[in-house]
Amino acid sequence: MRRLSARRRSGHSGAHPTGSTAASPAIADTVVYVGASDGTVHALDAATGIKRWTYPTGSTSFPPATADGKVYLGARDGTPYALDAATDTGP
């Protein structure tokens with residue numbers, strides 16, 4: 001597994017391995033879910049920063065939300081996504 005790191009810059013959470021973050025992250029249990037500017041959403045272990053999974057959305061623009069074992073987010077083209085929080089299984 002690849003470990004991801006972030007640097008603090010000007011009050012921003014920092015660098016993302018695939019570009020900048022596209023929206024605020026969501027945290028559920030021990031996982032951070034964040035959309036990236038490259039059109040992907042990532043699940044990261046909150047304690048270690050290790051990437052659990054990545055799912056391509058094309059253009060993530062809305063912050064993810066979590067409920068009932070799902071990660072919900074929207075893309076710029078209006079497509080809604082409901083991903084399995086544990087496995088990234090998409091629509």
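The largest nonpolar core of this predicted model has 13 residues, and those with the most contacts inside it are Y33, V41, W53, Y55, V71, L73 and L83. Two or more residues of this core come from each of β2, β3, β4, β6 (70-74) and β7. A nonpolar core here is a set of buried Ala, Val, Leu, Ile, Met, Phe, Trp, Tyr and Cys residues joined through side-chain atoms within 4.5 Å. Buried means under 20% relative accessible area, exposed over 50%, and partly exposed in between (1.4 Å probe, protein chains only). Strands (E, at least two residues) are DSSP runs, as are helices (H or I, at least four), and they are numbered from the N terminus. In soluble globular proteins, nonpolar side chains tend to be buried together.

Residues are numbered from 1 along each chain as its sequence is written. The model being predicted, local features need pLDDT of at least 70 and side-chain atom pairs count only at pLDDT 80 or more, while totals for chains, interfaces and linings use all residues; side-chain values use heavy atoms, with hydrogens and water left out.

Next come the aromatic rings. Rings of Phe, Tyr and Trp (its six-membered ring) pair if their centres lie within 6.5 Å; planes under 30 degrees apart count as stacked, over 60 as edge-to-face and the rest as tilted. This rule gives 2 aromatic pairs. Y33 and W53 have ring centres 6.0 Å apart and planes at 40°, so this pair is tilted. Because Y33 lies in strand β2 (residues 31-35) and W53 in strand β4 (residues 51-56), the pair ties together parts that are 20 residues apart in sequence. Y33 and W53 are both buried. The pair of Y55 and Y81 is edge-to-face, at 6.1 Å centre to centre with 70° between the planes. Here Y55 in strand β4 is linked to Y81 in strand β7 (residues 80-84), 26 residues away. Y55 and Y81 are both buried too.

Why does D45 count as buried? Its relative accessibility is 17%. The structure holds 1 salt bridge (a side-chain nitrogen of Lys or Arg within 4 Å of a carboxyl oxygen of Asp or Glu). R52 forms it with D45, the closest N and O atoms being 3.0 Å apart. R52 counts as partly exposed because its relative accessibility is 40%. Leaving aside residues up to four places away in sequence, D45 touches T30, I50 and R52, where contact means heavy atoms within 4.5 Å. A polar atom of the D45 side chain also lies 2.9 Å from the backbone nitrogen of T48.

Methods. A polar contact is a pair of N or O atoms within 3.5 Å; within protein, one must be able to donate a hydrogen and the other to accept it, and residues adjacent in sequence count only if both atoms are side-chain atoms.
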